[in-house]
2 protein chains.
Amino acid sequence: MIPITDPRIEMYMMRMAPEPDPRVAAMEDKARETGLPIVDRLVGRFLYILTRMKQPKLIVELGSGFGYSAYWFARALSIRSKVVLTDYSQENLAYARKIFGETGLIDRAEFRAGEALRIATGNVAEEGTKDKETEAILRFNDFMFSHEEFFTSIVPLRDGVLLAYKFN
Amino acid sequence: MIPITDPRIEMYMMRMAPEPDPRVAAMEDKARETGLPIVDRLVGRFLYILTRMKQPKLIVELGSGFGYSAYWFARALSIRSKVVLTDYSQENLAYARKIFGETGLIDRAEFRAGEALRIATGNVAEEGTKDKETEAILRFNDFMFSHEEFFTSIVPLRDGVLLAYKFN
């Protein structure tokens, strides 16, 4: 598997971005211990900046896990905006609710249990035959880049972040 | 030197983002032929999305070269907004003016000749002794990450894009 961000670059960036909020570190520890996937801090910070820039009224997250990325969204949202967390696991949502409850951010969050999308993992840039999950990601990327309603970019942070702007 | 984006990932992303505007390809060719630095297409597309999201009234670019990134900014700006291109080279600005002039985008651009910042290149994530330019970049990054007025992220696209949100 190609590491999308060179480990030395990732280390440099992680050193640059110390995080004073103990909840962020706690969630990162939880991810490491349980193996539950999170976007991790570098992507979290990136999502934070995008959210501050755009100031959306509503963010709907499909598959929030235990709330790591939603926490970054919520920190960047104005008090009149909202992030909706969805996850199939009540346990994940309960954890997220607890974390959000420890801060004022719970007013900006809504928690909904339900079947989220299954996470696919793959290596789209690697040569050779592709497994089914990689094929699915390739199809999704093809769709996003070829669809005229969207202007799409992939940011090679951590596992890769597809960013699409929808016209109108 | 560490390639910030793995070449295979960059190739995959480039294939995904064909560019119908012949001026973009012409500027990319010019950069290859002359060795003048440009941010290149993947960063251009990223800047385009950021600009569409934020819809700034004014973009001031320090060191526009012959206008490659400014062209991406201008394409994303509303008609009431403006990008100011600065460069020390009248020749660069004349080229940019010509490119912008071939489209409606010239209304959104202002061209100013003057001493821009000198471009420093270096490898901040590599171990070992650092040259003066690398030291300068390290100091700049340290400043941006430690300054409380800014929330900073580095996006590892191409040569790396430092992205900072200024509070208030």
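Which side chains meet in a salt bridge of 3.1 Å, N to O? They are those of B:Glu102 and B:Arg23. A salt bridge here is a side-chain nitrogen of Lys or Arg within 4 Å of a carboxyl oxygen of Asp or Glu. B:Glu102 sits in the loop between α5 (90-101) and β3 (109-113) of chain B, and B:Arg23 sits in helix α2 (residues 22-34) of chain B, so the pair ties together parts that are 79 residues apart in sequence. Helices (H or I, at least four residues) and strands (E, at least two) are DSSP runs, numbered from the N terminus.

This is a predicted model, in which local features need pLDDT of at least 70, side-chain atom pairs count only at pLDDT 80 or more, and totals for chains, interfaces and linings use all residues. Residues are numbered from 1 along each chain as its sequence is written, chains are lettered from A and ligands numbered from 1 in the order in which they are written, and side-chain values use heavy atoms, with hydrogens and water left out.

**Confidence**

The model scores ipTM 0.84 and pTM 0.88. pLDDT is the predictor's confidence in each residue, from 0 to 100. Chain A has a mean pLDDT of 90, and 98% of its residues reach 70 or more. Within chain A, confidence is lowest in α1(A), at a mean of 87. It is highest in helix α4 (residues 68-76) of chain A, at 97.

**Salt bridges**

Over all chains, the structure holds 24 salt bridges.

| Pair | N to O distance |
|---|---|
| B:Glu10 and B:Arg158 | 2.7 Å |
| B:Glu102 and B:Arg23 | 3.1 Å |
| B:Arg32 and B:Asp29 | 3.0 Å |

Buried means under 20% relative accessible area, exposed means over 50%, and partly exposed is in between (1.4 Å probe, protein chains only). B:Glu10 is buried because its relative accessibility is 18%. B:Arg158 is partly exposed, at 23%. B:Glu102 is also partly exposed, at 42%.

B:Arg32 and B:Asp29 are three residues apart in helix α2 of chain B, so about one helical turn separates them. B:Arg32 is exposed, at 59%. B:Asp29 is partly exposed, at 36%. In chain A, salt bridges that share partners join A:Asp21, A:Arg23, A:Lys98 and A:Glu102 into one network.

**Where the chains meet**

Contact means heavy atoms within 4.5 Å. It takes 36 residues from chain A and 35 residues from chain B. The buried area is the accessible area (1.4 Å probe) that two parts lose on being put together, summed over both. Between chain A and chain B it is about 3800 Å², and carbon and sulfur atoms give 75% of that. The count of salt bridges between the two chains is zero.

On the side of chain A that touches chain B, α1 (7-16), α3 (40-54), α6 (132-146), β4 (150-155) and β5 (161-166) each supply at least two residues. The largest share, eight residues, comes from α3(A).

**A buried serine**

B:Ser81 lies in the loop between α4 (68-76) and β2 (82-87) of chain B. It counts as buried because its relative accessibility is 3%. Leaving aside neighbours within four places in sequence, B:Ser81 is in contact with B:Pro56, B:Lys57 and B:Arg108.
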